[in-house]
Amino acid sequence: MGVMDLTEIIWCKHCNTVNYLDPYTFWNWKGKVKCAGCDRVYYVHIIQGFYYEGPKEMPPGEPYDIMPLYADKPLEGYESYKPGTPGRTRPYLCLPREIYLGKADKVKFSIRGRPVRGWAPQPPSSGLAGSQGFKWDIEKLSPDVWKEYQVKLRKGEVREW
Amino acid sequence: MREKVKPEIKFEEIPGPEELELEKMPYEEYCRKIFDPKKTFEKPEALKGIRWLSCTMYIFTPHSVSNLAELGAEVIKVEMPRAGDPMRHTSPFNEAYLYPLHDTRPFTGTGYGYFHANLNEYYISLDYHRPEAREIVYNLVRMSDGLTECYRPGTFHRWGIGYKQLCEINPRFIYVWGGGFGYGPKVFGGSYDILGQAQGGLASITGFHEDFGGHPVKHTNWVIDWYSGTMITVGVLAALYWRRKTGLGTMIEFSQVHCATRACGYGVPLYGRFGIVRQRWGNWDTQLCVHGIIRTGKSDYPNDPNPQLREEAKYVMVSAFQDEDFRELCYVIGRPDLWEKYKTHKERLKPEAQIEIYGALEQWASDKTRSEVVDILTDAGLLAMPVMNDKEVYECQHFRERGTIRWIEDPIFGDVLVHGGFSVGLLSETPRRVRWVWRPVGADNVRVYHELLGYPISQIKEWYDKGII
Amino acid sequence: MIITFEDFSWFGGGEMTKVEEIEIKDPKDVLRPRPWPVTPPATREEAKEIYKKRGPEAVDFVVWLEDILGYEKRFTKPEALTGIRVLDVGIWRLGNAFCSSLLAELGAEVIKIEPPTGDPLRYLTPFGREEYMLRDNVKGELCGLEFINEMRNKYSVTLNLEHPEGRELFKKLIPQVDVVIENYPPGYFDQLGIGYRQLSKINPRLIYCWIGILGQWGPMKDRVSKFGQWMLEPFGQAACSFIHNTGYPQDFLPRGSGGDPTRSAAWIADYAAGEQAAVNILAALWYREEVSGRGQFIEVTAAEALMDILDFDIAWYAFNRSIKARTGAWDPNLNQYAWNPCKDGYMMIGGQTDRLWYRIGMCISRDFPQFERLISEDPLLKEMAARNALEALIKTYTLTTMWLRNITRDVAEEKLMDYEIAAGPVMYLDEVAEYYHFKYRKFVDVIEDEYYGPILHCAPPLAYQHRTPARVKWMGRPLGIDNEHIYAKYLGIGPTQLRELKEKGII
């Protein structure tokens, strides 16, 4: 057997990739899953979260029905394939934007073009015991953002809404 | 006889031109005037003078206090030194953060999950369980009206700052514990919003029925947290009212999970009387038909890069449950046979009828866009509305004019949009307001410990170095 | 099939215990009253045994807590809002009904004014099934459970406000009350001469609260259809992006089978509005008593009250044009914080901070060692905030479900509770009613209603207080049953006059 017998994941022993089969899509599912790490295809039939059949390695070149959303290689430094890696994982469609980051989006201006403190690092605080006032002196603390803001103002990119 | 004495009219009661105008103007204009969002900060606050301590985390208990702060109470939020409220580490898919000036962790921001639940408050840090902290808490309690906390039951008691101890220091003190379960066999069980939804039964009735392939659905963003937090505020205000009369404080022990069950409507009595267990019924209504959400064939933004616009702007809320409305709907969609078949509301409500009727509606809508469907039904005089997304709510003129969604300039974070606080009720005399969204951990340490409690600066410095604050 | 029920103590007198057999031969037999609880709740002594696990101090504390604010003592204590009088003139929706329920549970005298035909909510019943309605023992009229459930502690009075004489009677009530709650279409009361503008002249101390779906003013204000049909929930949910943001993504379930934006089964925006209305009313009352001596006009809407609850969703759009997408039972802001399928249903597990996160790991890897390797050791999942990335959610919950699928909800709950993890099963309402903690605490309780018999209901969450607990005194009320009492009390109208008014269609 080329796979470990665990439901919800397919651990492909050929390429040491763990394919995560999310518990909602695959809770009751039947079909062929392609491994994210290599070109092998596994047939699975899952009922209530348990393998009824499979995972059974299919002959090479067998067409597949679905790819996992995420896969990684825990034995090789947790190298991973994020959702939507072409040819490896299927894209996750229900996203809030066309761009998916999965890490902080360092924003300097709100969508109407005014400064918002959405980026790091910020200068250290000098207040006593962590105290801070009610003031953000952008011009002094972040001169580049202030300059950019002045440009935006001149160009009319700063809006009411 | 002397001439009749006229009833005395006080000068200040004679309506002036403005009042006369108010009386005569069309109703909508009148509402616009007395709820004018531009006047918010010219009007007094209802709870001016109340001071509350918020020893809270996450959303549920913080929001119960934030309600008071929006109404004008002065609220002091107490967080663990350096670390702060764990809610600061919540952000959707790890993407949206604001960054204050920092002391220790320059790359750790405060996530948008923390955004709306602690409005207008002053932020101090304090490690309650250090022996030095006890006296500080007592001093705060002496000059406050109440406290809300959310630690496991008995924790504050063990630290010497529970209700038993505090009501001796300040008999007028109102002490609120909010958590998952309260006294009883699961008293030490922890809780979250999602746990309330799950264990309270609300999840089991929300979503698509098993037979349609559905699972129980979680309500988005912590509905039970917010909703049960507000219920605490109701209790707090009632307790304050009682205290006006008697001078006595109280303790409220509040279970969040309980609140979720309270929102299950007829489900509990239905089970109690008949043993019938309410099940999920998807996007339709169990008590009204037609009154549900249908999927149309085409998005309103077929070419937009954002998948939420391109793929999801397809859903419409349609309501035509009264006979005339339903009849009209059937004619509009070209299915008068449905009207002939289901002439009474009782007939239409049967599950089989609902499946047929909504099926027919979706079929009719399958070659139309969402706005075409809404327009056709609205033009026919029926009630329909697109299922709006965040962008559409942001752009909705209605909420802008009413001031329920506003841009504010937060004093330290800059340009942010708020859709809480202002939105939970317009009050003509004492409007609710948002001054700032939140402040960094311990940002008001000097303001509170030095200026309010009179501790010397050197003392504050020492506490800070020792990690007490 | 024969089902044996024991312990009918709720049914009659306190001590009575009888055994009854219900033979189910016909669907109608299912509709006969059920016993509750099926098994008795834990005694105080049994509960103490559980507290003991936390040490003797914990026992003392919880016992003291129950002594000072136990549910059983609610009727031995005063009510916070005694002396406050409220007219609830709303129909159809739960916003006004829930708001006045909260005030009534806290002791306000709430009079629900219904049109002579009754609040249409009275006649709603799931799937139109009359067998799920209750018939009162005085007038013999059917009433729906949704209405009965939200009629707690309120009086029912009929009054025809479309009749000029009806409005005169209404105006006479106004000087005697503190609060009016109303929810008719925008401007309707004003047009009738009984809106805030007119009533505040009669009683400047009046607090007048309008509770709607979208607003009584503004470009998208509440509408009625051309046939006069009202706008009801879930329009509020639809208008604030709640529905858009709730439900399973189509990546997990096909559309039409749950992979769609989903409404709440409850009219949740109504509940949110009703509560905030109560908050605002009480704040206005405080301000009136403390400062101004005058009332004010309040407007609360379902859509906007729920918009507050959406936390940061619209603010997030303003941050970087993100439009919150639905994520099913997973929360994109915290990890772990979700329910996933298990052997006999769905199990919710929550623990976001490092302390709790690794404790969940310890608990699961005791049965399922790979969890440690795949989750706890993964560098991607070491940092609290980074665990909220989509890929982190997929990985965590897939692995967690591999553990859950082997065990039932109660086993999972017990195991996780041993590690002090906040965990709980997704429960159906029968399970809620029988849950050991809930029935001990009487989250749900039976009241023997004067008109409708025993009714299982959710007790007021504010019932657990030292001084002024909320309480349920009665549940339903047949239409107009309090006409004689209320009209005599406030307007000095006697029974014969009342009869005349009835004949004229005024009440």
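Select chain A and colour its two domains: the C-alpha centres of domain 1 and domain 2 of chain A lie 47 Å apart. Domain 1 of chain A covers 3-81 and domain 2 covers 107-155; such bounds come from an automatic or database domain assignment. The model is predicted, and local features need pLDDT of at least 70, side-chain atom pairs count only at pLDDT 80 or more, while totals for chains, interfaces and linings use all residues. Residues are numbered from 1 along each chain as its sequence is written, and chains are lettered from A and ligands numbered from 1 in the order in which they are written.

**Chain A: Pro59**

Stay on chain A and pick A:Pro59, which sits in the loop between strand 6 (50-57) and strand 7 (70-73). Helices and strands here are DSSP runs (helices: H or I, at least four residues; strands: E, at least two), numbered from the N terminus. A:Pro59 has 7 C-beta neighbours inside 10 Å and therefore counts as exposed. The scale is this: a residue is buried if 20 or more other C-beta atoms lie within 10 Å of its own, exposed if 12 or fewer, and partly exposed in between, with C-beta atoms placed from the backbone. Now draw a distance from A:Pro59 to A:Val107: their C-alpha atoms are separated by 49 Å, and the two residues are 48 apart along the chain.

**Chain B as a whole**

Switch to chain B. Its secondary structure comes to 21 helices and 14 strands, and its C-alpha trace spans about 85 × 80 × 50 Å along the principal axes. Chain B has 469 residues, of which 61% count as buried. Among contacts in chain B with a separation of 6 or more, 68% join residues 24 or more positions apart; a contact means that two C-beta atoms, placed from the backbone, lie within 7 Å.

Next, select the domains of chain B. Domain 1 is made of 51-262 + 416-466, and domain 2 is 291-395. Their centres, taken over C-alpha atoms, are separated by 41 Å.

**Where chain B meets chain C**

Show chains B and C together. The contact takes 165 residues from chain B and 163 residues from chain C. On the chain B side, helix 9 (residues 223-246) gives the most, with 16 residues. That side has 82 nonpolar, 60 polar and 23 charged residues. Here Ala, Val, Leu, Ile, Met, Phe, Trp, Tyr, Cys and Pro count as nonpolar, Asp, Glu, Lys and Arg as charged, and the others, Gly among them, as polar.

Zoom in on strand 14 (residues 426-427) of chain B, which pairs with strand 10 (residues 297-301) of chain C in the antiparallel sense over two bridges. Two strands pair if DSSP finds at least two bridges between them. Within this pair, B:Leu427 stands opposite C:Ile298.

Which strands make up the open sheet of seven? Select them in the order 14(B)-10(C)-9(C)-8(C)-3(C)-4(C)-7(C); the pairing is mixed. Strand 14 of chain B and strand 7 (154-158) of chain C stand at the edges with a single partner strand each, so one side of each has no neighbour in the sheet. Inside the sheet, strand 3 (residues 85-88) and strand 8 (residues 179-182) of chain C run parallel, joined by three bridges. There, C:Asp88 stands opposite C:Ile181. Helix 11 of chain C packs on this sheet and touches strand 14 of chain B together with strand 8, strand 9 (207-212) and strand 10 of chain C; its direction makes about 165° with that of strand 9. Axes are lines fitted to C-alpha atoms, for helices over the stretch in contact, and angles run from 0 to 180 degrees between N-to-C directions.

**The three-stranded sheet**

Finish on strands 11-12-13 of chain C, an open sheet with antiparallel pairing. Strand 11 (337-342) and strand 13 (422-425) are its edges, each with a single partner strand, so one side of each is left without a neighbour. Six bridges join strand 11 to strand 12 (residues 345-350), and C:Asn340 stands opposite C:Met347. Helix 16 (residues 390-404) of chain C packs on the sheet against strand 11 and strand 12, its direction making about 40° with that of strand 11.
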